[in-house]
Amino acid sequence: MHKSRSRDNHMKFERSETGFILSHKDQIVLQHSHSSPILFVGTGNATYDMYRGNFDIKDYVNERIALRCFTIKGDGQAVRIEFHYEGELQITLCAEETPEGRLKIGFHDAKESLNRVWIRLDASKDEKIYGCGEQLTYFNLRGHNFPLWTSEPGVGRNKASYITWQADVKDRAGGDYYNTNYPQPTFVSSDRYFVHLQTTAYADFDFRHSDFHELQCWAIPDYLLFDCEQSFPALVHNIYGLFGTQPEMPDWVHDGVILGIQGGTETTLEKLHKAKAAGIKVAGAWCQDWQGIKITSFGKRLQWDWQWNPDLYPELDSKIHALKREGIRFLGYINPYVLEDFPLYQEAASKGYLATRQDGSKYVVDFGEFYCGVVDFTNPAACEWYKGVIKTNMIDFGLDGWMADFGEYLPTDCTLANGKSAEIEHNDWPRRWAKINHEAIEEAGKTDDILFFMRAGYTGIQRYCHTLWAGDQCVNWNIDDGMPSVINGALSSGLLGNGIHHSDIGGYTTLHGMKRDRELFMRWAEMAAFTPMMRTHEGNRPADNHQFDTDTETLCHLARMTRIFTHLKPYIKAAVKENALTGMPVQRPLFMHYEGDALSYEIMYEYLFGRDLLVAPVYEQGARQRKLYLPPDQWIHIWSGEHYQGGWVEVEAPIGKPAVFYRASSADTVLFAKIQDAAEDLL
């Protein structure tokens, strides 16, 4: 057998008569033989039917060819593997080590007609897989395949549930376990390696096989990256070096909850006064309807013309500054689309800044009983114009933050300025949208003072998106699309460089008989107190939902939670800083710091908050106890002060006292020991 190695001894290539093995840092990546080929190519025809951000995608595969025959060229520094079929070159894999020490496998010389690739990576039987963007139903992805296409995640996200069936029948919007606003063709293994496939095309990562992972792509990928490390902290730092990471959040975000309020200036001021009188620590008012509202059959929607609406918010131009002097920031809302026939749409259309049909004619998207133009972010002039809208209409007006919504709706049949297929640009649209927001804030010199948050994402969003939010969860306890799904979303996306994550307290989607009750709101607020950011949302049908000010009990409970959150400010700020410097997420899976503990790789619905707090939210309706797993360490229950050695435990967890523990050896034990006092301090 012929062996060759790179100069640093990281990449190893072993060739036999019938196959080869490509390894990196002693981890097998590709193991090819004539009977078990690792590469398949072919052709297919895809159809994309989009309805309000939900996609019905079908693919007809014309052919799939197993590439068994190969020839090798190159030396230990770089290896070219040419794959042939019936004597004709189909594609070449070029393997080399990058200057950073990662293994890079490029895809070159592909036969022009090919538009489908399947590559099989070596797998171990017992390994667990995480990542693929923000995945909400499963944390360990092994045993399932994951189509990777940014879209509305769907309502219910479980084809066996009544809610999903209702959503499918009425709105074509039910979704499935893999639907997500933020997919990414990157995964992390329990064997301490990561794999990234560089492509923006539709992909499907299949983890259902015991001895290989099959990655499918509906285009020729640019390259595949692989690297492994000795520990998970080192691995997430490696990933941070590849994608970048979020900046630190503005200091004011740690000073309390950001209250989601709608209805105008008077309503906002009244609710803020009520909250403060109840002892709630308030950092901001998030008024997504600052630019006006539209009422549809879905519920309360927004007028997508991004400027202050003085009819709904009279005197906001002065009140916004008065609130800031009181320590309350004002936040708004924007997305990448402009409402048909309104001023911004007319300006963008006149300047050629909107996506068009193939013949150059008007193209608008149905967003649910109203239509919008798509600002073409492949046009540099359109990008500068939209950054100008943000800087003038939002930053200069006085907004200190906003939800940068959507990004998933780029239709595949529109025409873009850069000449690329919208099918290929679709997945990259959230990154382009995040870049617009980040650069507008940066150019205004406000990166340290303004916060924006997004639900949509794809490769590269890490260096632009200041914080993710988990999207439009149902106002229920469902593990697929309710409160518990937020935990999986935070942990999966956090492993890929998105270490600041939060959710709508109480959820959002209020349809098909779902209505938020007091218990759900309170339990969600308890979880949010142990995340990097607290923010409430009224939901799409506010009158159907229990709100933070519905009754005195809820006001008092939220006051307790905000006091815990602000008490932990120095600890949270340190974790956020660590995320910015190293890529270490604020919310972490247990195995991040307990790699030798086999059970830590399987645990769902609990997490480490920073290094020293373990949080196990109560996510079952009516529960007053919480059974949870403590990794091997010395743990102290924050409410009782009892000490635990690790293992499975069950503790009392009444409303107001979620299951939270801290490490006895932490440098912050004094801070943690006073959490209960902080919660009770309502003077």
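Predicted model: local features only at pLDDT ≥ 70, side-chain atom pairs only at ≥ 80, totals over all residues.
Q: Which element gives the most to the lining of the largest pocket?
A: That's β22, with three residues. Helices (H or I, at least four residues) and strands (E, at least two) are DSSP runs, numbered from the N terminus. A pocket is an open set of points on a 1 Å grid over the protein atoms alone, with protein on both sides within 12 Å along at least five of seven lines, and lining residues have an atom within 4 Å of a point.

Q: Who lines it, and which residues lie nearest its centre?
A: The largest pocket has 36 lining residues, and Glu152, Phe298, Arg301, Tyr409 and Tyr508 lie nearest its centre. Both α1 (162-171) and β22 (299-302) supply at least two residues of that lining.

Q: How do those lining residues divide by class?
A: You get 16 nonpolar, nine polar and eleven charged in the largest pocket. Ala, Val, Leu, Ile, Met, Phe, Trp, Tyr, Cys and Pro count as nonpolar, Asp, Glu, Lys and Arg as charged, and the others, Gly among them, as polar.

Q: What about the second largest pocket?
A: Its volume is about 500 Å³. It's lined by 25 residues, and Gln198, Thr199, Thr200, Ala201 and Asp222 are the closest to its centre. Two or more lining residues come from each of β15 (193-198), β18 (223-228), α2 (232-243), α7 (422-425) and α8 (429-443). The lining of this second largest pocket has eleven nonpolar, seven polar and seven charged residues.

Q: Switching topic: how many cavities of 30 Å³ or more does a search of the whole structure find?
A: Three. A cavity is a set of points where a 1.4 Å probe fits but cannot get out.

Q: What's the volume of the largest cavity, and where does the largest share of its lining come from?
A: The largest cavity is about 60 Å³, and α9 gives the largest share of its lining, three residues. At least two lining residues each come from α9 (485-494), β30 (501-502) and α10. Val486, Ile487, His501 and Met527 are among the lining residues. By class, the lining of the largest cavity has six nonpolar, five polar and no charged residues.

Q: Back to α10: how does it pack with α11?
A: α10 (residues 518-528) and α11 (residues 552-567) pack at about 10°, with axes 9 Å apart. Axes are lines fitted to C-alpha atoms, for helices over the stretch in contact, and angles run from 0 to 180 degrees between N-to-C directions. Contact residues include Phe521 and Met522 of α10 plus Leu558 and Phe565 of α11; contact means heavy atoms within 4.5 Å. That contact has seven nonpolar, two polar and three charged residues.

Q: And how do α2 and α12 cross?
A: At roughly 65°, with the axes of α2 and α12 (residues 569-582) coming within 8 Å. Val236, His237 and Tyr240 in α2 meet Ala580, Leu581 and Thr582 in α12. Four of these residues are nonpolar, two polar and none charged.

Q: Last one: how many helices and strands does the chain have?
A: The chain has 14 helices and 38 strands, and its C-alpha trace spans about 80 × 65 × 50 Å along its principal axes.

Definitions and conventions
Residues numbered from 1 in each chain as written. Heavy atoms only, no water. Points joined across faces, edges and corners; volume = space filled by probe spheres on them.
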